[in-house]
Amino acid sequence: MSFKSALESGKFVVTAEVGPPKGTDIKKILHEAEALKGKVDALNVTDNQSAVMRISSVSFCKLLLEMGQEPILQMTCRDRNRIGLQSDLLGASILGIKNVLCMTGDHPNAGDHKEAKAVYDIESVQLLEIVDSLNNGKDMMGNELKGATDFYQGAVVTPESVPLEPQLIKFEKKVTAGAKFFQTQAIYDIERFKSFMGHARQFPVKILAGLVLLKSAGMANFMNKFVPGINVPQNLIDELKNAGKEKALDAGIDIMARHIRQLRDEKICDGVHIMAIGAEDKVPEIMERAGLL
Amino acid sequence: MIITKKKDFKEFLESIRDYKSFFLIGCSECASLCGTGGEPELAAMKEALEAEGKKVTGTMLPKTGCQTLGTKIELKKDKEACAAAEAIIVMSCGAGTQSAVEIFPDKPVFPSNDTLFLGNMTRFQMFDERCSLCGQCILDKTGGICPVTACPKGLLNGPCGGTNEGKCEVSPDIECAWVRIYNRMKKLNRLDDMKKPLRPKNWAASRKPATLIAREKEEVKK
């Protein structure tokens, strides 16, 4: 079943994420992707994540298709103007890529080419409008296309953003612009996430809760300090600390599996997006402990 | 105003090494307020060049250095001093420098400043960029705060995921433009405006090189 049909059928959907490497040696990432085959509903392919130059997202999505995996093409507005974005979307479409996640993209300042010119000719809300237009057989200028696209388009939202209201206004703009599904920034406090979902449920969109695998108390503290919109509660940090260094990852897997169970059993959202960040080989284990496999 | 910053003096000296005598031009407008091309800076530059064994044939502070014709007329009184100089040094912005290029077709012209941005002086000699000269002002739609300039990504429809308790992901020294816009629009009871999506910008409105004839065409002919 495709990612779109799975979501629309009401199945609790699981997506994970792979980051194309820097360089042409793709053995490791192919191996990771292979291990997730038949387990997750779709795999996000990041687009020069953290503004670090890597293999292009479109080309890696094509490799996943050849492996029989369903990709979600992440597309940021940092590196291409409106001509480049539309051209790459048409290109992705003829390669058989069906899902696209429209994002603004981290600023070049975060990456390894800090002197790069940041493009941002278009931003996430406008990119969603563009995808909708291409799906309807027209480019963003209204010019007729010979053959339309058929994308299932999604976007991102940060439920823990402070202040929250500007983020919710943008969320609503993304819904109006045509987003069909959302993958959220990492959430750790399920009660607070429920209140976000209370708001999100007013709209006809599918929501996948973003979950980042905690590998140590240090990592949790680091994210709390440096990653905007991530807030790991103290009781989870204590749980990792008490597990001890060697068992911390195991505790992190437990935490995520527990959260997935709760999100699914209480029907809080429509699925989860697992970001294992370098521990993609642990995804099947997380899913097993969550009772998904 | 146009914000300028003095070039590193050693690098500047390297740019003028082939010449020995100079005429210096400042500007009483922006460069004076920036402390890069007013009366005291002209005097300091003269002294510094002389200490390096260079000759300064004269200095001049035009009223508005980027007003080419006016500056040319003002320079008439310095005709001899200008003629005696091998090269011209302009201590204002890139526009002022190019006024001199037009006025002195036969002399090399060197800028002593780097031109940074269009901004406001918030305190004495403290400057913030405020306008990107995009050619299509949207301040009416964004609560009077320019996201094209104040957001490092120039986002038009709200904050990105990098916004963090009112600060920007690019630097904690930057206030998130969209949180500022949100706070102001909320205060003015205009949050509904923030909910209206803004279309992609028309960058053709700021295509370079821009030119404008603001007066009536008839008058141009005369």
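This is a predicted model: local features need pLDDT of at least 70, side-chain atom pairs count only at pLDDT 80 or more; totals for chains, interfaces and linings use all residues.
Local features need pLDDT of at least 70 and side-chain atom pairs count only at pLDDT 80 or more, while totals for chains, interfaces and linings use all residues. Residues are numbered from 1 along each chain as its sequence is written, chains are lettered from A in the order in which they are written, and side-chain values use heavy atoms, with hydrogens and water left out.

**View 1. Chain B meets chain A.** The contact (heavy atoms within 4.5 Å) takes 26 residues from chain A and 29 residues from chain B. About 2400 Å² is buried between the two chains, and carbon and sulfur atoms give 54% of this area. Buried area here is the accessible area (1.4 Å probe) that two parts lose on being put together, summed over both. On the chain B side, look for Lys153(B), Asn157(B) and Pro200(B): they lose the most area to chain A, together 23% of what that side buries.

View 2. Two elements of chain B, α8 (177-187) and α9 (191-194), each give two or more residues to the side that touches chain A. The largest share, 3 residues, comes from α8(B). Helices (H or I, at least four residues) and strands (E, at least two) are DSSP runs, numbered from the N terminus.

**View 3. The parallel sheet of chain B.** Four strands make an open sheet in the order β3-β2-β4-β5, with parallel pairing; two strands pair if DSSP finds at least two bridges between them. β3 (55-60) and β5 (109-111) of chain B are at the edges, each with a single partner strand, so one side of each has no neighbour in the sheet. On average, neighbouring strands are turned by 25 degrees against each other, direction ignored. Strands β2 (residues 21-25) and β4 (residues 87-90) of chain B pair over 4 bridges, and Ile25(B) stands opposite Val90(B) in β4(B). Helix α3 (residues 39-51) of chain B lies across β2, β3 and β4, running at about 175 degrees to β3(B). For such angles, axes are lines fitted to C-alpha atoms, for helices over the stretch in contact, and values run from 0 to 180 degrees between N-to-C directions.

**View 4. The antiparallel sheet of chain B.** This open sheet has 3 strands in the order β1-β6-β7. β1 (2-6) and β7 (126-131) of chain B stand at its edges with a single partner strand each, so one side of each lacks a neighbour in the sheet. β1(B) pairs with β6 (residues 113-123) of chain B over 5 bridges, and Ile3(B) sits opposite Phe117(B) in β6(B).

**View 5. Backbone details in loops.** A cis peptide bond joins Val162(A) and Pro163(A), with omega about -5 degrees; Pro163(A) is in the loop between β5 (152-157) and α6 (165-176) of chain A. In chain B, the bond from Lys208(B) to Pro209(B) is also cis, with omega near -5 degrees. Glu165(B), though not a glycine, has a positive phi of about 50 degrees.
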